[in-house]
Amino acid sequence: MSESQPESRVIRTQVGIVGGGPAGLMLSHLLSRAGVDSVVVEVRDPETIRNTHRAGILEAATVQMLADSGVDGRVLTEGHEHRGTTLRFDGQNHHVDFQDAVGQSVWLYPQNEVFWDLAQARERDGGQVFWSVSDTAVHDVDSDSPRITFRDAEGQEREIEAGIVVGADGSRSICRGLIPDGVRTDNFIEYPFAWFGILCEAPPSWPELIYTNSPAGFALISQRSDTVQRMYFQCDPDTNPEDWTEEQIWARLQECMQGEDGFRLKEGKIFDKTVLKFRSYVCEPLRYHSLVLVGDAGHTVPPTGAKGLNLAFCDVRVLAPALIGLFNDGDDSQLIEYSAKALERVWKAQNFSYWATNMMHTTEGENPFAQKRRRGELTAITGSENGRAYFAESYTGWQD
Ligand SMILES: Cc1cc2nc3c(=O)[nH]c(=O)nc-3n(C[C@H](O)[C@H](O)[C@H](O)COP(=O)(O)OP(=O)(O)OC[C@H]3O[C@@H](n4cnc5c(N)ncnc54)[C@H](O)[C@@H]3O)c2cc1C
């Protein structure tokens, strides 16, 4: 993928963006549509990001952002609408129909395709994206003229002078650390379990996602396409994926799905194995003088509620108009409110992700009270209209 790169060492722009993941590229796209200049620096090359498998479930508002803002309509033609999901426990499926409950759906469309659509849209529109950079550093965020220094793909030293720097640099953000101790609060918890994730060559076992709680632990059965499937099962955070053979993985997944209904997963060759640790994190505030954080740079959630990518887009929905107001009209009122407004949604999503994680997983050595209480919770959610509506509204995304 080519780039539009100015020749001079120092580049002046209105918004300098660290990180060319979904949050950084979507922000840059929306700003350019309103005539606000931005430059993105990204440490990886686009092919590597395109081949990194992460999120798969998009809320309706995320889909709408991609389609309505002119990124690409591919999400509507190649994505799969999921009108509900299945919670499985006691070896039986319990369907939550999102459309019945709250009149909303979610879409299965992999994050790597979201990234690709955004990267192509930036290239199509002449956006300035520096891929494969190194030595990124951000300076002077407590002034009105913050800077980003880096080496470009050819090893040349470069500098971006901006009015605002946005940290869209993911969960290991270097930008976040520039908010001084005493101003920044790190709200953080870890979980005693992780997900063992696989990609396999097999047909779908079920048309929608299945979230399972079983005596063998949690499992998630998800899809990628007609020929590739994504599945996870609960494991110890210190698990080495290479210690597990294909036979052991399938045996564990089938054990989690076991039930009187005789449900069996369709098996196939496993071509990717990863262990995903669980953490919940929120940085407060999300803005410090000329520095603003979006997406995983400001917060991470465990993947159970499928909220991470969607939250990154929610931040951008709040931040883009704030920066457009600042640079086009000299009005900083929305930027001043950005952190508090974005955090409202972040904490709702944190609560849902935490709650759904604890409802679906088992902890080692837990006593029968915990198991029976959890079953009570699952039956309360799936067995009543109000319970299903609570789950459906949270999962498909609160209307705002
Ligand atoms: C296995 C897995 C499954 C998931 N499933 C879901 C799901 O179903 N639904 C959902 O909504 N979310 C899900 N998520 C979460 C989702 O992937 C993230 O929330 C999302 O990627 C956040 O986007 P972002 O742009 O904020 O950060 P990222 O996608 O992490 O992008 C940040 C970018 O910044 C770049 N960068 C980092 N440091 C620097 C630097 N110093 N200089 C320049 N560039 C830098 C990185 O290379 C990266 O490309 C999942 C995550 C994982 C790992």
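In the predicted model, the domain assignment divides the protein into domain 1, made up of residues 10-82, 107-187 and 280-355, and domain 2, made up of residues 189-279 and 362-396. The centres of domain 1 and domain 2, taken over C-alpha atoms, lie 30 Å apart. To the contact, domain 1 contributes 24 residues and domain 2 contributes 23 residues.

About 2,000 Å² is buried between domain 1 and domain 2, with 59% of this area given by carbon and sulfur atoms. On the side of domain 1 that touches domain 2, the elements giving two or more residues are β4 (57-59), β18 (269-284) and α9 (333-360). The largest share of that side, four residues, is supplied by α9. By residue class, the side of domain 1 that touches domain 2 consists of 13 nonpolar, eight polar and three charged residues.

The model also contains an open sheet of six strands with mixed pairing, in the order β9-β3-β2-β13-β20-β19. Because β9 (128-130) and β19 (287-288) stand at the edges and each has a single partner strand, one side of each is left without a neighbour in the sheet. Strands of a sheet pair through backbone hydrogen bonds, in either a parallel or an antiparallel sense. The pairing of strand β2 (residues 15-18) with strand β13 (residues 164-167) is parallel and runs over four bridges. In this pairing, V15 has I164 of β13 as its bridge partner.

Methods:
Residues numbered from 1 in each chain as written. Predicted model: local features only at pLDDT ≥ 70, side-chain atom pairs only at ≥ 80, totals over all residues. Heavy atoms only, no water. Domains from an automatic or database assignment. Contact = heavy atoms within 4.5 Å. Buried area = accessible area lost by both parts, 1.4 Å probe. Nonpolar A, V, L, I, M, F, W, Y, C, P; charged D, E, K, R; others polar. Pairing = 2+ DSSP bridges.
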